[in-house]
Each structure stands twice: as structure tokens, then as C-alpha cells.
Amino acid sequence: MAASTAASRLSPPRPRTASPPSTPPRRSRFSPLRAANRIALMDFVHHHLILPARMEAVLSVGAHVIPHPRKAETGGEDAFFVDSDTGGVFAIADGVSGWAERNVNPALFSRELMANSSAFLKDEEVRHDPQILLMKAHAATSSVGSATVIIAMLEKNGTLKIASVGDCGLKIIRKGQVMFSTCPQEHYFDCPYQISSEAVSQTYQDALVCTVNLVEGDMIVSGSDGFFDNIFDQEILDVIAESPGVDEAAKALAELARKHSVDVNFDSPYSMEARSRGFDVPWWKKLLGAKLIGGKMDDITVIVAQVKTVVIPDDEGSGVEQEQGSELGTGAAVVSAE
């Protein structure tokens, strides 16, 4: 409509004369017709969002918790939090049950540690560093007790930063294979490193710190030791492959680990590790062919996250741009630290 209106305002053509043909005069670059076309093009660009954009990595997260059978009424001693506002942050703390022998509720320390970790996420000193976040959360925790802990943060460029103290674990799955696993820290078998209210304990400085470059589609599986003590890697891969989403995967993994934990005939990762460390049935039972087997009953916490990408237009002002970003995000390519 703008172009046709502008054209109608041009002078009508003059009658031809018998003068010899000549090169027609060039139209001014500032003619009303060209200006109208430019306005129409700008209007098209605005409505179709042909704008410079950047791609950011985010996490789609699911979680599931199953307390120890004897601790179901109190909710168990594991605690966790998930925050998706900054792209993706999650953490798990496993309260050390030995404190119950001193009439201390082991859940209080792990829950307060996670609450403080969530509260300090936007602290300027944290600067998206999980080790610094652990330092500040531990310093602010006043409950008596101790806990193993793992914190993971995904940066916008696809870099996953991890800080872990103890035996909470994390695995990264890419194209159906486990391509990264954290290693547990322990003083000796079944006695992991732990963040504590006691002066003589591990601190954020003892944390295992890792950085992993992720790509779109990578799956992250993290959990307390009650999860990894009762499930094998191949079982994790099978469940992830069969699950339609992260929520379903987290629930299915937790339920499978729970099933194994109460099975006295299941040769679990925990029982296999115990035998490798010299723990087994008495010698006379070995003569009868017996061996130490069975799952390990414990609180089970599982977090499953998938790496996705979204397109963020440089002009982030309008709701239309956000909608366009959600459409393009499904077709976005690899995001990595490089």
C-alpha cells in the first residue's frame, strides 16, 4: 500500500517528441518510491525478526527423590535444588547418617547447605563458580552435621562447571555412551570426604573441580551415592534411551535403584566394590560358595538434565522475539566452549 501511494504522486509522463532517443535520466536515490520500498522492507524485517542473534545453552531438568525405607516419614537426609533462571544450576547434598548416633538430625545440615547454595547464586562474588558458591554456602550454614555435596553450573557457551566433595556423582551421556564421570573422594571405604560443621573437615578447597564442554543433546545424570551404589552404567543408558523426557528418566532411574537396593540377591556396584576392598562373608561361607552380595538401602536422589540451545535476539525487547527464539531453538546446532 505504501509503495502504490508513493507511485501515484509522481508526475504524469509527458508526450513523446520526435527528438532522438537519449539515455533516460536516473531517478534520485531519495525518490519517494525508493523510500517507500525501504520502509516496506524494514517493516518486513521487523515482523519476521531477521535480526542478529546469539545462541545460548540451557538445561531441561528433571529430579526424583526416594528416601530410605526407614526414613520415609521424615523425607530422608538427601537435599537438592535446581535453578533454571541462569541457564542451569543444580546441586545435591547427602546428609551423613552417622550424626544420628549423636542425637543430631542429619537432614538439617544438608537442607540448610542447599538452601544457602540457592540463596547465594546471584551473589557478585560467586561469578558462576561452583567452588566459590560452595564456600559461601558452607560458611553460612549453622546446623550441626556434615554432608557430601556436588554442584554443577552450565554457562551460556555450553561449559559445565562442577565442584564435588565426597561421593555424590555425575555422568555425562553423549550419543548413547558415558563420556564423562566424576570420581568419588573418600578417606577409606564407605567414609567419603564431607563438608562439616566441625573445624576438622573438608572445605571447598578440597573439592574435585571439573570443566566439561557440552553439546546440544548431551544428557547429565547426577545423584547421591544411594543412586550410584545400586545401578550400573548400562542400566542408566538403557533407561535414558527409553524415556520420553527428563522427568520420566529421573523417576525411572530412581525407582530402578530403589528396587535394586532392597534386593538381597542383586550383585550391586556397592557389593562388588566392597569385595574388591576385602570385605566379604566369613571364610566358612566362602567354602560353601557364598559371597557378599545385595543392594545398599539408602536415600536415593536423581537429577537428569538435557542440554538444549535457544536463540536470543540481540534486541530482547519484544514478546514476538522471545517466541521466535523458542521456535528456532529446536533447530539450533552444536553449542560448545569452543
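Trainee: Where is H128 found?
Mentor: H128 is in the loop between α3 (106–119) and α4 (130–140); helices here are DSSP runs of H or I with at least four residues, strands are E runs of at least two, and both are numbered from the N terminus. This is a predicted model, where local features need pLDDT of at least 70, side-chain atom pairs count only at pLDDT 80 or more, and totals for chains, interfaces and linings use all residues. Residues are numbered from 1 along each chain as its sequence is written, and side-chain values use heavy atoms, with hydrogens and water left out.
Trainee: What's the phi of H128?
Mentor: Positive, about 55°, although H128 is not a glycine.
Trainee: And how exposed is H128?
Mentor: Partly exposed, at 22% relative accessible area (buried is under 20%, exposed over 50%, partly exposed in between, with a 1.4 Å probe and protein chains only).
Trainee: What about D190, where is that?
Mentor: D190 is in the loop between β8 (186–188) and β9 (191–192). D190 has a positive phi of about 70° without being a glycine, and its relative accessible area is 45%, so it's partly exposed.
Trainee: Switching topic: which residues have the most contacts inside the largest nonpolar core?
Mentor: L113, M114, L134 and V149, in a core of 21 residues. A nonpolar core is a set of buried Ala, Val, Leu, Ile, Met, Phe, Trp, Tyr and Cys residues joined through side-chain atoms within 4.5 Å.
Trainee: Which element gives the largest share of this core?
Mentor: β4, with four residues.
Trainee: What is L113 in contact with?
Mentor: Leaving aside neighbours within four places in sequence, L113 is in contact (heavy atoms within 4.5 Å) with A93, A137, H138, T141 and V149.
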